[in-house]
Amino acid sequence: MVLLVMLSCYHEVAAEENSQQPQGSCVNWMAGTPGHPGHNGEAGRDGRDGRDGQKGEKGEQGTPGQKGDKGSLGVPGTIGLQGVPGISGYPGSKGERGESATIYRSAFSVGLTSRVSYINTPIKFTKIFYNEQNHYDTITGKFQCTIAGVYYFAYHLSVYASDVKVSLFKKDTAIIITYDQYQKNDVDQASGSVLLHLASGDEVWLQLYGEEENSSIYADNINDSTFMGFLLYPDLNYE
């Protein structure tokens, strides 16, 4: 029975397909239940790369990145050619006068060897302690300046028998005067010192002055009478 029905329906379907007529109610009545979905097919192969697109517009500048570490020092380059000498500058102002390389020396130290009582005459000290430059003359009793500058002079005299007046002379002028009042039966001393500026050729000496012929200074084995002087610093303006 079923086969007859199916054959009848088949003939109707074939007739409808040949006549291109709409399907009849028989087809809808005979439709089966939907089947289960089939399995996914295998993935297809990648397609070919597309063509490059047109270049886009330039984007905005980004913010600067952090400063990198300092690189190692490179190899020094070759020395360049010497440049053209520059124009000479104006002469500088004259500097201060410096000290001379010459060593200036002038000094003496002398003493008496006997009693001296003559007045108004240079005292002649003949005992030499130091007179390497020979600026003190034992014959005249005078120191003669050969190097202009500032000098220091000093004397220490032992007094004998009476009052003594002694003076230090420079160029026939008494610079300092010392008076010692003798004490009977005692030993006295007359002494003095001074700084003087001397020009080359100036002379300095000691002498007794006054009218007392018995005034005297002396020296013995336990008492000395001395006279000395030396250059403190030269005066270069007189060279």
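Modeller: Begin with how elements are named: helices and strands are DSSP runs, numbered from the N terminus. This is a predicted model, and Asn 120 is placed in the loop between S1 and S2.

Biologist: How many helices and strands are there in the protein?

Modeller: The protein has two helices and eleven strands. Along the sequence the pattern reads α-α-β-β-β-β-β-β-β-β-β-β-β.

Biologist: Is Lys 171 buried or exposed?

Modeller: The cut-off for exposed is over 50% relative accessible area. Lys 171 has 52%, so it counts as exposed.

Biologist: Next, aromatic rings. How many aromatic pairs does the structure hold?

Modeller: The structure holds twelve aromatic pairs. One of them joins Phe 125 and Phe 227, with ring centres 5.7 Å apart and planes at 40 degrees. Planes under 30 degrees apart count as stacked and over 60 as edge-to-face, so the pair of Phe 125 and Phe 227 is tilted.

Biologist: Where in the chain are Phe 125 and Phe 227?

Modeller: Phe 125 is in the loop between strand S1 (107-111) and strand S2 (127-130), while Phe 227 is in strand S11 (residues 226-234). The two are 102 residues apart, and the pair links distant parts of the chain. Phe 125 is buried at 0% relative accessibility, and Phe 227 is buried with a relative accessible area of 0%.

Biologist: Which residues form one aromatic cluster?

Modeller: Phe 125 and Phe 227 belong to it, together with Phe 108, Tyr 136, Phe 143, Tyr 151 and Phe 153.

Biologist: What kind of pair do Phe 169 and Trp 205 form?

Modeller: Phe 169 and Trp 205 are stacked, at 5.6 Å centre to centre and with 5 degrees between the planes. Phe 169 lies in strand S6 (residues 164-170) and Trp 205 in strand S9 (residues 203-208), so the pair ties together parts that are 36 residues apart in sequence. Phe 169 is buried at 13% relative accessible area, and Trp 205 is buried at 4%.

Biologist: Which residue lies over the face of Trp 205?

Modeller: Lys 142 does, at 4.2 Å from the ring centre.

Biologist: How should I read the surface?

Modeller: Start with the total. The protein has an accessible surface of about 19,000 Å², and carbon and sulfur atoms account for 50% of that surface. Then look for patches. Leu 195, Leu 232 and Tyr 233 make a nonpolar patch on the surface, with about 320 Å² of accessible area together. Leu 232 is in strand S11 and is partly exposed, with a relative accessible area of 43%.

Biologist: What share of the residues in the protein is buried?

Modeller: Of the 239 residues, 27% are buried. For contacts, consider those between residues at least 6 apart in sequence: 69% of them join residues at least 24 apart.

Technical notes: Residues numbered from 1 in each chain as written. Predicted model: local features only at pLDDT ≥ 70, side-chain atom pairs only at ≥ 80, totals over all residues. Heavy atoms only, no water. Phe/Tyr/Trp six-rings, centres within 6.5 Å; stacked < 30°, edge-to-face > 60°. Helix = DSSP H or I, 4+ residues; strand = E, 2+ residues; numbered from the N terminus. Buried < 20%, exposed > 50% of the residue type's maximum accessible area, 1.4 Å probe, protein only. Lys NZ or Arg CZ within 6 Å of the ring centre and 35° of its normal. Contact = heavy atoms within 4.5 Å. Areas by Shrake-Rupley, 256 points an atom, 1.4 Å probe, with all protein chains shown as cover. Patch = residues over 30% accessible without salt bridge, like charges linked within 9 Å, V, L, I, M, F, W, Y side chains within 5 Å. Salt bridge = Lys/Arg side-chain N within 4 Å of Asp/Glu carboxyl O.
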